[in-house]
Amino acid sequence: MDALLARLGLARRKQNEIQTSLPGPSASGQRYGVPGFVGPEFEQALTQSQTVYAASDRRAGDVASVPLQLFLGDEGDPLDPATNDIARLLQTVNGVEGRTAFWKKVMLSKLGTGQAFVLLDKMGSSAVQEMFVLRSTSTKIVPGQAGRAEGYIYTDKNGKEHHYEPEEIWHTRYPNPVDDWNGLPPLYAAQRSIALEMKLQEQLWEFFKNYIAIAGAVQTEQQLIKAQVEEYHEQVKTILGRDVLVNHSGLTWGNIARSPEEMAALEILRKAQNGIASVFGVPLSLIGHVEDVRYNSAPEQTRIYWTNTIASDLALNEQDVTEVLLPKLGAEGVTARYDLEAVEAMQDIKRDRAEKFAVAIQSGQMSPNEAAEELGYPPAPVGGDQRYLNGQPLGFVLGVQPPAVAPPSRGKRTKFIDTPERNALRKQRTETLDDLEAAAAKEIETFFKAQGERVVRRLLERHGKSHGKTFEKQGGPEDLDFILIEDVEITQLEGLLI
């Protein structure tokens, strides 16, 4: 048995020697002498990476710019900050910063650390009077049972610890499937791109700080001999500290400001910046990089940014404020909603969508009510569920006679001209007119309508409300000169015929 174990041990040792004789896996290229990767901290990335700052500032600022309103329940009336203490608190937040600055700081903290801790300060009162954002990197959670914190510990700049009860802190965070207590920030997913950008910027700064870029072409009308060209070539090399290309005797060279290595560094820098922007959900065109932006693609990038990135942030904030913050403030049954339509960018997007829906309605693909629902408008009270094609009900266009709608009843005096059959026939013939015919028909209709109003007005002036019976008794003809003044009617007809 001992001999067998000895042979097994020898076999394992030989196997291990074989395995370790090959280069094994290593983290962050340590086998090549590269140290292990340590990502930048939030404060370092925010203050030293221009892309992190620009993307975070843009996204947090856009979220903070959307008005937040409180409502009683889901369908209740909005709460007026002038009369409601909770609504006023969310507008004023505290006495040292404005509402927009406060909510922007909340978003910046969530983007960089995945979470924000807000102190609900009662200031010796029974209700919360002010709210302040604490530094997430200096706030620790005291874990409790069932995912609930037992308290929070905040360390200020002087190193003093402040202990807070759970009801004194509003902890808002991004969902994190790999941590029970802390949120998952976009910064973590972009760490390598951020570190790459910071390192490349540092190296490019060192390069340009010590290098005078010279570019252009030098020419001469003289025909130089070979010795003169070589002499000039050596002088240029001495000045630049590097070799340059001199073509023939014309002393002409191209751009020598950037070497292939430098161009590669700039390309990698651009890819790193694009990686950071994609993780933060902000297009490069919205943070100052407009080199590759096309006129027709810029609006689409803005639309995707607002409808995906910003709308997602607002939805999370709405639920967090409604379900977590407002109960801590004593506002049970109150709902928080963002007024996204108040933002100019969303108004432009909505107008573009409305134009597309208008085409869908005209082509019979959608009904007006279906388009209104997509745009967030109430349905039309009459005819909104009917689909139309070129202004006509779709069934009528396809040869199906739509049901006639009876006109409002006028009692025994209902005239033949108002019957459903006549109305349907008139509508059909009117819709087949061309533009000029339709305009002429409209002018004629306007003339007769105005003439009828003139007749009624003159009858009322002479006979009052009983003008109908009086007119019948008098036989009518003697009143025609009064109710239809010839000069007036001729003037009106001349304008219509001309």
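Me: Helices are DSSP runs of H or I with at least four residues, and strands are E runs of at least two, both numbered from the N terminus. How many helices and strands are there in this protein?
Reply: This is a predicted model. The protein has 18 helices and 10 strands.

Me: How much of the contact set with a separation of 6 or more comes from residues 24 or more positions apart?
Reply: Such residues account for 57% of those contacts.

Me: How many cavities of 30 Å³ or more does the structure hold, and where do I look?
Reply: A cavity is a set of points where a 1.4 Å probe fits but cannot get out. The structure holds 1 cavity of 30 Å³ or more. About 100 Å³ of space lies in the largest cavity. To find the place, look for Val 63, Ala 64, Trp 103, Asn 317 and Tyr 338, which lie nearest its centre among 14 lining residues.

Me: Which elements give two or more residues to that lining?
Reply: They are helix H3 (50–65), helix H5 (99–113) and strand E7 (169–173). H5 gives the most, with 5 residues. By class, the lining of the largest cavity has 10 nonpolar, 2 polar and 2 charged residues.

Me: How many aromatic pairs are there?
Reply: Rings of Phe, Tyr and Trp pair if their centres lie within 6.5 Å, and planes over 60 degrees apart count as edge-to-face. The count comes to 4 aromatic pairs. One of them joins Phe 117 and Tyr 152 edge-to-face, at 5.8 Å centre to centre with 65° between the planes.

Me: Which parts does the pair of Phe 117 and Tyr 152 tie together?
Reply: Phe 117 is in strand E2 (residues 115–121) and Tyr 152 in strand E5 (residues 149–155), so the pair links parts 35 residues apart in sequence. Phe 117 is buried, with a relative accessible area of 0%, and Tyr 152 is buried at 8%.

Me: How do Tyr 305 and Trp 306 pair?
Reply: They form an edge-to-face pair, 5.9 Å centre to centre and 75° between the planes. Tyr 305 is buried, with a relative accessible area of 1%, and Trp 306 is buried, with 3%.

Me: Which residues do ring pairs link into a cluster?
Reply: Phe 102, Trp 103 and Trp 170. Trp 103 is also among the residues nearest the centre of the largest cavity.

Note on methods:
Residues numbered from 1 in each chain as written. Predicted model: local features only at pLDDT ≥ 70, side-chain atom pairs only at ≥ 80, totals over all residues. Heavy atoms only, no water. 1 Å grid on protein atoms, 1.4 Å probe; cavity = no way out; pocket = protein on both sides within 12 Å on 5 of 7 lines; lining within 4 Å. Points joined across faces, edges and corners; volume = space filled by probe spheres on them. Nonpolar A, V, L, I, M, F, W, Y, C, P; charged D, E, K, R; others polar. Contact = heavy atoms within 4.5 Å. Phe/Tyr/Trp six-rings, centres within 6.5 Å; stacked < 30°, edge-to-face > 60°. Buried < 20%, exposed > 50% of the residue type's maximum accessible area, 1.4 Å probe, protein only.
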